[in-house]
Every structure is written in structure tokens, then in C-alpha cells.
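I hope they are handy to have beside you as you look around.

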Amino acid sequence: MINIKRKIKIKLFNQLNRRKNVVIKENVNFNRNTQLEGNNIIYSGCQINNTIVGYGTYLSHNCRLPNSVVGKFCSIGENTKIIFGQHPTKKFVSTHPAFYSTKLQAGFTYVSRDLFEEHRYVNNLNKSVVIGNDTWIGQNVLIMEGVTIADGSVIGSGAIVTKDTEPYSINVGVPARKIKYRFQEKERQFLLRFKWWDKGEEWISSNKNYLEDVTTFYDKFNKLEN
């Protein structure tokens, strides 16, 4: 019965959002607080409750990104997931939630009030994770709560992201670390100011050839900006 209701819900959502070219595949968990800006595909098995998905972004199979903000023109690889929940590793003798939480994770507790912050959020957004614009996240990436993945970042497959990334950086490993930048400093700073992803579909389509080479793009539009 649940699967039938979900299929009907997805079918209605796709019909209502056809003009925005939004497609949600089978077995996707979403709610009325989920926002998709257009030209999106959310593949099967994803969880995106309370999540904003920017224009042109797609999520591959089995991504778990509830309560998040995902920017425009992002490519999110299969099995990208948020690691939810924190346990104390200092001061408390035990890491078991029965000694600091009233949520009954193990079915019992010894405390009458919460003594430890179990969840982390990004700034004042009350969102678990923020993924910037034009990011590429490989397969099987895990992202800790409270992390911001900056505009233009690349996250290698299998990485565990434990801290914020830098714009236009390439990050790999466990824990993920920056190995290099994608572009020169002047180009990175210009792209962050210019924000091509906010220019609109008509502008992007008209200037798509310049997006093939960052040097050409910089030379063309930096002059116009100045």
C-alpha cells in the first residue's frame, strides 16, 4: 500500500512539474517542503525530504540528502549520503546515548534532559548540509552534518567529507583533503563573483561555447565586468 501511494505521489508530482522539466524516479522519499528549481532528475532510492535542489542539478541512485541545500548545475554521484548524528568523544566517559540523550536510541536512557548536541547544522540555516553550485560529487561519498561544500568543488569517489571545502578545490580521501585547485586564483575569484549559474537559461545557452575553456571565459567576461 505504501509503495502504491508513493508511486501515485511521484506520478502527480511529475505531472505538475512537467513544464519545469523535473523528473522524480521510483522509490524517492520527498515531502511538500522539497523544492526542485527545474531541469532536475532525482534517480531511484533517493531521500530528499526538506531539501532544496537547484536548477540543472541531478542526484544519482540512492543518495540520502534530506534537510539540505544543493546548488545549481551539480552532479551528485550514486550513494552520496549524509552521516547523521554525533557522539561525544571527550569528557563523557561513555559514547553511548543513554548517558546524554532522551531520544531512547537504544530503547532506554539514564538522563531526564539532553546533555550533548547530537546534530550539527550549517550556520543559521537549520540545514544539515549545504552543497554549492557547480559541484561534482563522486560515488559513495559520505558527508558529515554541518559541512558546506563550496561552489565549484570536486569530491572524489569514496571520500568522507568532515569539514568545509574551498571553492573550486579537488578533494579526495578519508578524511577528504584538498589535493589541488581546479583553476588559477584569478579565475577562481572571478567565477565566484560572476556566478554564471545565476545568469539564466537564455544567457547560458547563448554563451555555452565560452564555458568550454576557463581561460577563454575569463578573458571574455572579465573584460566586460571591468
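Which helix holds both Glu185 and Arg188, and how many residues apart are they? Point 4 has the answer.

1. First, the ground rules. This is a predicted model, in which local features need pLDDT of at least 70 and side-chain atom pairs count only at pLDDT 80 or more, while totals for chains, interfaces and linings use all residues. Residues are numbered from 1 along each chain as its sequence is written, and side-chain values use heavy atoms, with hydrogens and water left out.

2. Now the overall picture. The protein chain has four helices and 16 strands, taken as DSSP runs numbered from the N terminus (helices: H or I, at least four residues; strands: E, at least two). Its C-alpha trace spans about 65 × 45 × 30 Å along the principal axes. Of its 226 residues, 38% count as buried; buried means under 20% relative accessible area, exposed over 50%, and partly exposed in between, with a 1.4 Å probe and protein chains only. Taking contacts (heavy atoms within 4.5 Å) with a separation of 6 or more, 25% come from residues 24 or more positions apart.

3. Next, the nonpolar cores, meaning sets of buried Ala, Val, Leu, Ile, Met, Phe, Trp, Tyr and Cys residues joined through side-chain atoms within 4.5 Å. In soluble globular proteins, nonpolar side chains tend to be buried together. The largest core here has 30 residues, and those with the most contacts inside it are Ile42, Leu59, Ile76, Ile131, Ile137 and Ile143. Two or more residues each come from helix 1 (2-16), strand 1 (22-24), strand 9 (129-131), strand 11 (142-144) and strand 12 (147-149). If you click on Ile42, look for its contacts with Val23, Ile24, Leu36, Ile48, Val53 and Leu59, among others, leaving aside residues up to four places away in sequence. A second, separate core of 10 residues includes Phe194, Trp197, Phe217 and Tyr218.

4. On to the salt bridges, of which the structure holds six; the criterion is a side-chain nitrogen of Lys or Arg within 4 Å of a carboxyl oxygen of Asp or Glu. To answer the opening question, Glu185 and Arg188 both lie in helix 2, three residues apart, about one turn of the helix. They form a salt bridge whose closest N and O atoms are 2.3 Å apart. Glu185 is partly exposed at 42% relative accessible area, whereas Arg188 is buried at 9%. Arg188 also lies over the face of Tyr181, 3.6 Å from the ring centre; here a charge sits over a ring if NZ of Lys or CZ of Arg is within 6 Å of the ring centre and within 35 degrees of the ring normal.

5. Two other bridges are worth a look. Glu118 and Lys103 meet at 3.2 Å, N to O. Both lie in the loop between strand 8 (81-83) and strand 9, so the pair ties together parts that are 15 residues apart in sequence. The bridge between Arg182 and Asp134 comes to 3.8 Å, N to O. This pair links distant parts of the chain, 48 residues apart: Arg182 is in the loop between strand 16 (177-181) and helix 2 (185-194), and Asp134 is in the loop between strand 9 and strand 10 (136-137).

6. For the aromatic residues, a search of the whole structure finds 18 pairs. Rings of Phe, Tyr and Trp (its six-membered ring) pair if their centres lie within 6.5 Å, with planes under 30 degrees apart counted as stacked, over 60 as edge-to-face and the rest as tilted. Phe217 and Phe221 make a tilted pair, 4.8 Å centre to centre with 55 degrees between the planes. They are four residues apart in helix 4 (residues 214-225), about one helical turn, and both are buried. Ring pairs join Phe190, Phe194, Trp203, Tyr210, Phe217, Tyr218 and Phe221 into a cluster. The charged end of Lys199 sits over the ring of Phe194, 4.2 Å from its centre.

7. Lastly, the cysteines. The search finds zero disulfides, a disulfide being a pair of cysteine sulfur atoms within 2.5 Å. For Cys46, the nearest cysteine sulfur is that of Cys63, 4.5 Å away. Cys46 is buried, at 1% relative accessible area, and Cys63 is buried, also at 1%.
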